[in-house]
Amino acid sequence: MGYLKVHLVTQKVKQHAPPTLSYVAFCELGKITSTGSSQTHGQTFVVMSLMAPAAERKLTGLVAATFTPLTTQGEINLKEIGRYIDYLTEKQGVNNIFVNGTTGESMSFSVAERKILAEEWCQKAKGKMDQVIVHVGCMNLKDSQELVMIFTHCHCNDLFTSRYCSYQMFLHEVALAAPTLPFYYYHIPAVTGVNVLASDVLEGIEELIPSFSGVKFSGVDLMDLGQCVSYSQPRWSVLYGVDEQLLAALALGAHGAVGSTYNYMGCHVNELISAFDKGDIVQARRIQFKMQELLSYAQKRGFDVGVNKQLMIELSGLNLGPPRLPVMPCPHEQCLCIAQKYHSIFPEC
Ligand SMILES: CC(=O)N[C@H](C=O)[C@@H](O)[C@H](O)[C@H](O)CO
Ligand SMILES: CC(=O)C(=O)O
């Protein structure tokens with residue numbers, strides 16, 4: 001059975017106009033295992049994404065993949081969302097968010113909960129965030145379409161007509177719910193198990209999908225990334241998703257980055273990007289090595305979404321609550337030692 005992941009991006013129009021929201025969607029096709037995870041055990045499938053006309057403005061800079069705030073009873077906690085957004089903009093200098101994604105444990109929430117969360121994130125982000133990406137991936141097409149339709153009208157189109165035919169038929173169904181949204185390809189082989197080259201997927205795609213707008217590249221194959229950047233059309237964005245090697249991606253021309261660690265390392269990573277932009281490669285490398293030191297320390301102790309969320313709580317003071325089962329809460333001491341490591345490596349933001 002296939003599952004579908006769709007991400008919508010809302011973009012605030014800057015300047016003096018009242019914030020108008022337009023949308024971007026990413027979607028990927030995959031297999032569901034008995035645990036409901038997206039591991040495919042070697043099955044091949046293509047991960048593709050939809051993106052909206054708002055893509056006139058390129059997605060650039062850092063995007064924090066947010067955690068979902070819960071109460072101690074495990075219910076969604078809308079009250080913390082405003083504070084979370086203020087923390088990211090004021091403390092971390094991060095002005096784009098990616099909500100209800102993997103980091104936000106989207107698959108552990110009902111469609112109804114996800115709609116409420118998406119609306120609250122968009123509402124609270126108005127006037128504060130540049131872009132809000134809402135992941136609306138579900139275990140079935142109907143649920144995804146329902147989420148997509150929060151944001152857009154339903155029309156028909158015929159974008160999917162050649163190559164990758166079965167994927168295109170599936171994607172076409174999503175496009176029926178969001179026909180005006182341009183396409184993105186979302187490449188995350190470590191999660192999906194799909195080891196196609198992203199650059200192969202991009203080849204010729206602009207002819208097939210005129211609204212194609214780029215790729216979210218969360219793989220470690222830097223040659224493939226380079227090929228994507230090299231092929232990238234002027235209005236496309238290539239966004240990198242492996243935080244611990246962002247510098248390599250910048251050197252290859254990535255336009256921005258989406259990641260979980262930008263929730264609490266955003267201010268340092270912004271410095272990394274500035275150093276890189278100024279040609280100060282030594283400083284950029286110094287910051288990247290610090291990120292690697294922290295992440296390798298955390299990974300040796302087991303670094304899953306539960307640990308990551310608790311680390312964010314320790315570092316930000318936000319009231320994000322526990323993760324939802326099957327993700328287990330992180331023992332306090334485990335996170336405390338990672339938080340201490342963070343403080344020993346990084347200065348205050
Ligand atoms: C697999 C996964 O969740 N990747 C995240 C985003 O794509 C990253 O932000 C990682 O959490 C980060 O690079 C730490 O390994
Ligand atoms: C990191 C990311 O892309 C996600 O949370 O889905």
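**Notes on the ligand site and a pocket**

1. Start with ligand 1: around it sit Val191, Ser218, Gly241, Val242, Asp243, Glu244, Gly259, Ser260 and Gln299. Keep in mind that this is a predicted model. Sorted by class, that shell comes out as five polar, two charged and two nonpolar residues.

2. The side chain of Glu244 has an N or O atom 2.5 Å from an oxygen atom of ligand 1. For the side chain of Ser260, the corresponding distance from an N or O atom to a ligand 1 oxygen is 2.8 Å. Gly241 takes part through its backbone instead, with an N or O atom 3.2 Å from an oxygen atom of ligand 1. As for cover, ligand 1 on its own has 390 Å² of accessible area, and the protein covers 76% of that.

3. On to the second largest pocket, which has a volume of about 150 Å³. Its lining is made up of Tyr87, Lys91, Gln92, Tyr264, His268, Leu315, Tyr342, His343, Phe346, Pro347, Glu348 and Cys349. Helices H1 (81–92), H10 (262–278) and H13 (332–345) are the elements that each give two or more residues to this lining.

4. Which element gives the largest share of that pocket's lining? That would be H1, with three residues.

5. For the shell around ligand 1, by the way, the nonpolar count is two and the polar count five.

Conventions. Residues numbered from 1 in each chain as written. Chains lettered and ligands numbered in written order. Predicted model: local features only at pLDDT ≥ 70, side-chain atom pairs only at ≥ 80, totals over all residues. Heavy atoms only, no water. 1 Å grid on protein atoms, 1.4 Å probe; cavity = no way out; pocket = protein on both sides within 12 Å on 5 of 7 lines; lining within 4 Å. Points joined across faces, edges and corners; volume = space filled by probe spheres on them. Helix = DSSP H or I, 4+ residues; strand = E, 2+ residues; numbered from the N terminus. Near = heavy atom within 4 Å. Polar contact = N/O pair within 3.5 Å; in protein donor to acceptor, adjacent residues only side chain to side chain. Areas by Shrake-Rupley, 256 points an atom, 1.4 Å probe, with all protein chains shown as cover. Nonpolar A, V, L, I, M, F, W, Y, C, P; charged D, E, K, R; others polar.
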